[in-house]
Amino acid sequence: MADSGNKRIQKFDSEGRFLTKWGTEGSGDGQFNWPFAIIVDSSGNVYVIDGVRIQKFDSNGKFLNKWGSWGFGDGQFCSLAGIGVDGSGKVYVADIGNSRIQKFDPDGKFLMKLGTGSITDGQLLRPSSVAIDSSGDVYVAEEINHRIQKFDSKGNFLLKWGSLGQDNGQFAGPWGIAIDSAGNVYVTDCYNYRIQKFDSEGKFLKKWGSQGEGDGQFSDTYGIAINKSGDVYVTDRTRIQKFDPNGKFLLKWGSWGQGDGQFAMPSDIAFDSSGDVYVADKNNHRIQKFDKNGKFLLKWGIQGTGDGEFQFPMGIATDSADNVYVADAWGYRIQKFDSEGKFLAKWGSQGSGDMEFKEPYDVAVSDSGYVYVVDCSAHRIKIYRSPDYKAVEPGNKQPVTWGHVKQTKLYQNYPNPFNPETWIPYQLGEDTKVEIRIYSSNGKLVRTLNLGNKQAGSYISREKSAYWDGKNEAGERVSSGIYFYTIQAGSYSDTKKMVITE
């Protein structure tokens, strides 16, 4: 069994007598950070999910092999949920963070993958950023679906491009998006460590960058913005880099720290009408302002929840009057300032209502004064109307929501097979009461999980999924075998099978 809290594997005989154990805390071969799923093949070899890697041992705990790392490529994992082995020794791994199953041979050689994680055109899965062109069309980057979607100003789907990969026009975690005066679209392809440039129809034009810390290389590239001259500014972990429209490196500034002109994971960037540069310095919980050449001008903000304070500012934008809008991600709000950092207005709180946010990651302002907010974990874009650019109260804004994932779904439990506990992930398209019933193979009700009223959204992570401890209503451990679980969420119902092993 995987003894997660003690960072080890324990082995028992069929009567429950202890036989052996192996593993200590660490990242080395045979060590564990968080072992939470285990499977044994027909030869007695033991496969263990440990974070974002698989480790293989013989039946006595001798280390044999390992594979996997965090990422989006073949043989990489984002968030692992379960593992299985077929009769020929092929290993199947549920990589729910990348919405797919990956298949390997017994030595960890990648063979194939099933599933892409794509969803219906016009719907969104963890959108990361938004940009608006001069015609009012809206472009949204989806980090998990590895694509760009384009909408008109009313939220009608127009087109999409991109898929997971490293080729031209493919992405591995697209995050930031910006549009130049000609309508060309620039995207920070975060985990491919590059910038890609497209025309307004998604035709690939150009790319630049690679992994590293040199000029024109990137470590953590998230935010991107383009000034009136067409110069491209990109945030990169501890610095800002500036390029011409063709990717030629021009200048850089910044280093790690808390001083003026230093950064701790800058996440977004914006310009005012004078060409001055505003940077959301996320982990320093502040905004910094520079001239176009990187000369420090001023700063505002500290960590907190008061007016002008921030809890990880993720996105930043300016309007035609040079007011500054900040998406305060874990403050669950938008704050508005003048160009000197004077607080003007705020709106938002934690939740799923019209004036509430789950994770506001980015903000953009159209020429006509509409404020677009990327509510990442709610899988939607929210639009607010403030045509006079004045500090108005939230009641005077008129919110519109589109892009929300509307499906309610039940997913496979993980781990599966399991013993003694499992997690049941699901997704809700609307706020509703949720109940999960567990039945034995002969149809007898074993346990009812009353989850109560839940807000629309994804309940996929271990922290949010429904949990079953493998016990019946009387608190008794159920026997091994096949069971079925059924979700009832409003009018939606679905059933899946799970297996308890000895």
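Guide: Gladly! Contact here means heavy atoms within 4.5 Å. Two remarks on the source come before the tour. This is a predicted model, in which local features need pLDDT of at least 70 and side-chain atom pairs count only at pLDDT 80 or more, while totals for chains, interfaces and linings use all residues. Residues are numbered from 1 along each chain as its sequence is written, and side-chain values use heavy atoms, with hydrogens and water left out.

Setting aside neighbours within four places in sequence, Arg447 is in contact with Ile436, Arg437, Ile438, Trp468, Asp469, Lys471, Asn472 and Glu473. With Lys471 there is also a polar contact, as the side chain of Arg447 reaches the backbone oxygen of Lys471 at 2.9 Å. A polar contact is a pair of N or O atoms within 3.5 Å; within protein, one must be able to donate a hydrogen and the other to accept it, and residues adjacent in sequence count only if both atoms are side-chain atoms.

The largest nonpolar core has 20 residues, and Tyr426, Ile438 and Trp468 have the most contacts inside it. Such a core is a set of buried Ala, Val, Leu, Ile, Met, Phe, Trp, Tyr and Cys residues joined through side-chain atoms within 4.5 Å. Buried means under 20% relative accessible area, exposed over 50%, and partly exposed in between (1.4 Å probe, protein chains only). The elements giving two or more residues to this core are β38 (426–428), β39 (432–440), β40, β42, β43 (481–489) and β44 (492–500). Of these, β43 gives the most, with 4 residues. Tyr426 has, beyond four places in sequence, contacts that include Leu410, Val434, Leu451, Ile460, Ala466 and Ile487.

Now for the rings. The whole structure holds 36 aromatic pairs; rings of Phe, Tyr and Trp (its six-membered ring) pair if their centres lie within 6.5 Å, and planes under 30 degrees apart count as stacked, over 60 as edge-to-face and the rest as tilted. One of them is Phe357 with Tyr384, edge-to-face at 6.1 Å centre to centre and 65° between the planes. This pair links distant parts of the chain, 27 residues apart: Phe357 is in the loop between β31 (343–347) and β32 (360–365), and Tyr384 is in strand β34 (residues 380–385). Phe357 is buried at 0% relative accessible area, and Tyr384 is buried at 1%.

Trp468 brings us back to the core, in an edge-to-face pair with Phe418, at 6.0 Å centre to centre and 70° between the planes. Here, too, distant parts are linked, 50 residues apart: Phe418 is in the loop between β36 (409–410) and β37 (422–424), and Trp468 is in strand β42 (residues 466–468). Phe418 counts as buried at 2% relative accessibility, and Trp468 is buried at 0%.

Pro417 is in the loop between β36 and β37, and the peptide bond from Asn416 to Pro417 is cis, with omega near 5°. Pro420 is found in the loop between β36 and β37 as well, and the bond from Asn419 to Pro420 is cis, with omega near 15°.
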